[in-house]
Amino acid sequence: MVVKKKSISSASPWTEKGKYSKTNEIHYSFLKPQLRHALLLCFLLSVWFVILRCFLLSSSTSENNIEKLNVDEKAPMTTSKSSAISKCEGGMSVYLYDMPAEFNKGLLKDCSHLNAYTNMCPHVANRGLGQPLSYMVGSAVATTWFATHQFIAEMIFHARMENHPCRVLDPINAKLFYVPFYGGLDASSKFHDANLTARDELAVRLADYLRSKPWWERHHGKDHFLVLGRTAWDFLRRNNNFGNSLLNLPDVQNMSVLTVERNPWDPVHNQHGIPYPSYFHPYTSHEMMTWQNKMRQSSRPHLFSFIGGPRRGVEKAAVRDELIRQCSESGRCKLLKCGKGPSKCHNPIEVLKVMSQSRFCLQAPGDSFTRRSTFDSVLAGCIPVFFSPHTVYTQYEWFFPAGDAREYSVYVDENALKTGNGSKRVVSIEEELFKIEREKVERMRSTVINLMPRLTYAHPNATDLGFQDAVDVALEALWAKRLKLNV
């Protein structure tokens, strides 16, 4: 470069012109050696300043190009664009009810009995995030990774709203009203209670409490919403069977209800699907972008994988058993089989390891249509393969791209996996996935990775995300719904 002696002499105006100008030869010959050295030093410093400036501009351009990896791809939301909802533009404001503790945090005092099958004490810690995964990606960013329970979204949403920029403290200034009721934890604590009145007791008191508030009377709850961390089926008791009757209450039917699984045939049209929480809860867009880029570069030796176990019931068992059979017999599939007792499929590290090494992740319905595993696969940059339209397509319209679902997923009708369905043979999942062109797989994976921000619940202490997380997306959709209702 210019620091070489030869390059300096060839570029110096006095030496070049000196070949042709006697005047210049005479003029510079009178310069003292010290002055010549000073001039040469100034010239070199000027050249170095120009080089440094160009380098900094180049670095800035490179950073912008990295951001474009998240911006220019087809995706409904990116990590580099500052979130409009975080600034609460358009007049959107949310009042968070300061409710009696019995409806939310008071339930946590008896955390060991909040679920008939699991001790929830470790899971309700850290405001619902659960126990830190300090060994996930190193201690430097350990606070962004947690062993988050799949049915805890109601707590995380509440924690995010307590610190959300769109929150207002005076209800007179609010356009939306959030009711922080831990209905999922209440329901799961009474699944085995034979007394149906006891199962519904807290839900009934909730309705009574809301009706007593002047802000409820203004629009009879049309501008109110609550969040449930369990599926809608747990709150739609029929024929005195499972769950409670929260969603059957007329007052609750006036509200918008956000739940991890909605009833696709909801006659009231007040249920809206929200993502199951996964394990990643970033503070900043930088943390999100770092993880996205890591998943872009992840080596994926497995064509597909399945994480799950068999299920009871003729329909569920048929699909699950066939997926397990096909995966175990394929040299291109990684199977992580779940069962009773300790299992790797309940270890977040093992789950993400398998998914991040797979190009496609099979998402068969479990006890209900939806699966937390769907959101784990997105977090791992693994293209989901669905076998029921109700696993995602009819559930999460606010969060997944509208239009062609083949841009981010593969659909195989579950009937094609059952024997006696009229076809000559059961569809081979390996053959179906293997014939998808490599370029298309790359495009699909890029779309999936770009979906990460809007399907992730940011850390409750995050203040300047720089992207829309699941809570922001839900609030934006609720605000649009309220404007449409004109209430």
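Visitor: Cys338 and Cys345: are they buried or exposed?
Guide: Cys338 is buried, and Cys345 is as well. The term buried stands for under 20% relative accessible area, exposed for over 50%, and partly exposed for values in between, computed with a 1.4 Å probe on protein chains only. The model is predicted, so local features need pLDDT of at least 70 and side-chain atom pairs count only at pLDDT 80 or more, while totals for chains, interfaces and linings use all residues. Residues are numbered from 1 along each chain as its sequence is written, and side-chain values use heavy atoms, with hydrogens and water left out.

Visitor: What makes the link between Cys338 and Cys345 a disulfide?
Guide: The sulfur atoms of Cys338 and Cys345 are 2.1 Å apart. A disulfide is a pair of cysteine sulfur atoms within 2.5 Å, so this pair qualifies.

Visitor: How many disulfides does the whole structure hold, and how are the cysteines paired?
Guide: A search of the whole structure finds five. With the bonded cysteines numbered in sequence order, the pairing is 1-4, 2-3, 5-6, 7-8, 9-10.

Visitor: Why is Cys111 classed as it is, and why Cys121?
Guide: Cys111 has a relative accessible area of 14% and is therefore buried. Cys121, at 26%, is partly exposed. These two cysteines form a disulfide with their sulfur atoms 1.9 Å apart, and an angle of 90° about the S-S bond makes the link right-handed. Cys111 lies in the loop between β1 and α5 and Cys121 in helix α5, so the pair ties together parts that are ten residues apart in sequence. Helices (H or I, at least four residues) and strands (E, at least two) are DSSP runs, numbered from the N terminus.

Visitor: What is the handedness of the link between Cys327 and Cys333, left-handed or right-handed?
Guide: The link of Cys327 and Cys333 is left-handed, with -85° about the S-S bond. Their sulfur atoms are 1.9 Å apart. Cys327 counts as buried because its relative accessibility is 1%, and Cys333, at 12%, is buried too.

Visitor: Why is Asp98 assigned to its accessibility class?
Guide: Its relative accessibility is 67%, so Asp98 counts as exposed. Asp98 lies in the loop between β1 (94–96) and α5 (121–124). Asp98 and Pro180 are 82 residues apart in sequence and 8.3 Å apart in space, C-alpha to C-alpha.

Visitor: How do you know whether the span of helix α11 agrees with expectation?
Guide: The expected span of a helix is 1.5 Å times one less than its number of residues. For the twelve residues of α11 (residues 285–296) this gives 16 Å, and the end C-alpha atoms are 16 Å apart, so the two agree. Among the buried residues of α11 are Ser285, Met288, Trp291 and Met295.

Visitor: Why is the pair of Phe375 and Tyr396 given its geometric class?
Guide: The structure holds 23 aromatic pairs. Phe375 and Tyr396 form one that is edge-to-face, at 5.2 Å centre to centre with 85° between the planes. Rings of Phe, Tyr and Trp (its six-membered ring) pair if their centres lie within 6.5 Å; planes under 30 degrees apart count as stacked, over 60 as edge-to-face and the rest as tilted. Phe375 belongs to helix α14 (residues 373–379), and Tyr396 to the loop between β12 (383–386) and β13 (410–411), 21 residues apart. Phe375 and Tyr396 are buried.

Visitor: What makes Arg230 a charge over the ring of Phe151?
Guide: The charged end of Arg230 sits over that ring, 4.2 Å from its centre. The term requires NZ of Lys or CZ of Arg within 6 Å of the ring centre and within 35 degrees of the ring normal.
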